[in-house]
Amino acid sequence: MSEANQKGCPEWRVMLHGFVDGELDSVHAAQFEDHLATCAHCRAEMERVRAVREIIDQEGVKWQPPEALRSQVLSMLSFEETAAASSLPLPRRVPIWRRALDFIRQWSFVPSLAVLAASAFLFANVPSQTLLLQDQIMASHVRSMMADHLTDVLTSDQHTVKPWFNGKINFSPPVSDLTKDGFPLVGGRVDYIGDRAVAALVYRRHGHVINLFIWPAASATQTTTVHDGYNMTQWSDGGLVFWAISDVAAGDLGEFESFFRAAARA
């Protein structure tokens, strides 16, 4: 999908992988199927994702090197063997390509060079766990606004929102109303990210929604990033990890983090 097409329906694009994996509920799956019926670009992208996964899932996949590459490598190995047999002096500094060829010859990897190259390409292009987590957070953020399910408990009273989570998740998230700081509390809900139930607190900033996802986790390095047009910031405190996401300006999201952390520690 081109960049222009990706921007044309981002709210559907973030649901694509969940649809392919069968992770959407019946309502969202039906909505996505209706969209596929009218969007050729999303249909093509879905087929591309499925084709790539089918290839990756195959056992014993073999990649044959181009014949020209194989011939070149064998010729260089032959030249090295001839030089060694004739007792030609070797330079004191062995070139990198010579050391690489020694490694290849010792381990008999010549027929598998393309396999190694293909494997390196695949691993280099497999999304990291952090990127996968960011994808899930962004998808949950977008879905919460699409499906009119922004909150399970709709109130700005932090003393109502906090006890509402009792019995629904196995930890107690900090809840603060930041209206005086320009970030009024809207409410909260239980969401599902990374194979776990998490708390989601909802705030607003000049009409924009900020979703703050919270769950227990070991301390993590603070992260601020832009993911598919959404600003995201992550921090940890008190055995909990926090991920805030919104389309507000990065500076506003940074202020939100500062105010929330100060209020949680007060």
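Helices (H or I, at least four residues) and strands (E, at least two) are DSSP runs, numbered from the N terminus. The model is predicted: local features need pLDDT of at least 70, side-chain atom pairs count only at pLDDT 80 or more, and totals for chains, interfaces and linings use all residues. Residues are numbered from 1 along each chain as its sequence is written, and side-chain values use heavy atoms, with hydrogens and water left out.

**View 1. V142 in helix α8.** V142 belongs to helix α8. Its relative accessible area is 6%, so V142 is buried; buried means under 20% relative accessible area, exposed over 50%, and partly exposed in between (1.4 Å probe, protein chains only). V142 and S246 are 104 residues apart along the chain, and 9.5 Å separates their C-alpha atoms. Helix α8 covers residues 129-146 and lies across β2, β4, β5, β6 (230-237) and β7, at about 130° to β4. Axes are lines fitted to C-alpha atoms, for helices over the stretch in contact, and angles run from 0 to 180 degrees between N-to-C directions. Contact means heavy atoms within 4.5 Å.

**View 2. The whole protein and its sheet.** The protein holds ten helices and seven strands. Of its 266 residues, 37% count as buried. Among contacts with a separation of 6 or more, 56% are between residues 24 or more positions apart. Seven strands make an open sheet with antiparallel pairing, in the order β1-β2-β3-β4-β7-β6-β5. At the edges are β1 and β5 (223-227), each of which pairs on one side only. Two strands pair if DSSP finds at least two bridges between them.

**View 3. Strand β2 and its neighbours.** Strand β2 spans residues 185-193, and seven of these nine residues are buried, so the strand is largely enclosed by the rest of the structure. Two bridges pair β2 with β1 (residues 153-154) in the antiparallel sense, and in this pairing L154 stands opposite G187. Strand β3 (residues 196-205) runs antiparallel to β2 and is joined to it by eight bridges; D191 faces V198 of β3. The hairpin of β2 and β3 has two residues between the strands, and G194 there takes a positive phi near 60°.

View 4. All seven residues of β7 are buried. L240, F242, A244 and S246 point one way from the strand, while V241, W243 and I245 point the other way. Seven bridges pair β4 (residues 208-216) with β7 (residues 240-246) in the antiparallel sense. In this pairing, P216 has L240 as its bridge partner, and I210 has S246. Helix α10 (residues 250-265) packs on the sheet, where it touches β3, β4, β6 and β7, and its direction makes about 20° with that of β6. Strands β6 and β7 are likewise antiparallel, over seven bridges, with N231 opposite S246. Two residues lie between β6 and β7 in their hairpin, and G238 in the turn has a positive phi of about 60°.

**View 5. The nonpolar cores.** A nonpolar core is a set of buried Ala, Val, Leu, Ile, Met, Phe, Trp, Tyr and Cys residues joined through side-chain atoms within 4.5 Å. The largest has 37 residues, of which I137, L201, L212, F213, W215, F256 and F260 touch the most other members. Elements giving two or more residues to this core are α8, β2, β3, β4, β6, β7 and α10. Strand β7 supplies the largest share, six residues. Leaving aside residues up to four places away in sequence, W215 touches L133, I137, F171, R196, V198, L240, V241 and W243. Another core, of 14 residues, lies apart from the largest one and includes C9, M15, F32 and V49.

View 6. Helix α3 covers residues 26-36, and its buried residues are H28, A29, F32, H35 and L36. These cover an arc of only 120° around the axis, which puts them on the same side of α3; the arc is that of the directions from the helix axis to the C-beta atoms. On the other side of α3, the exposed residues include S26, V27 and D34.
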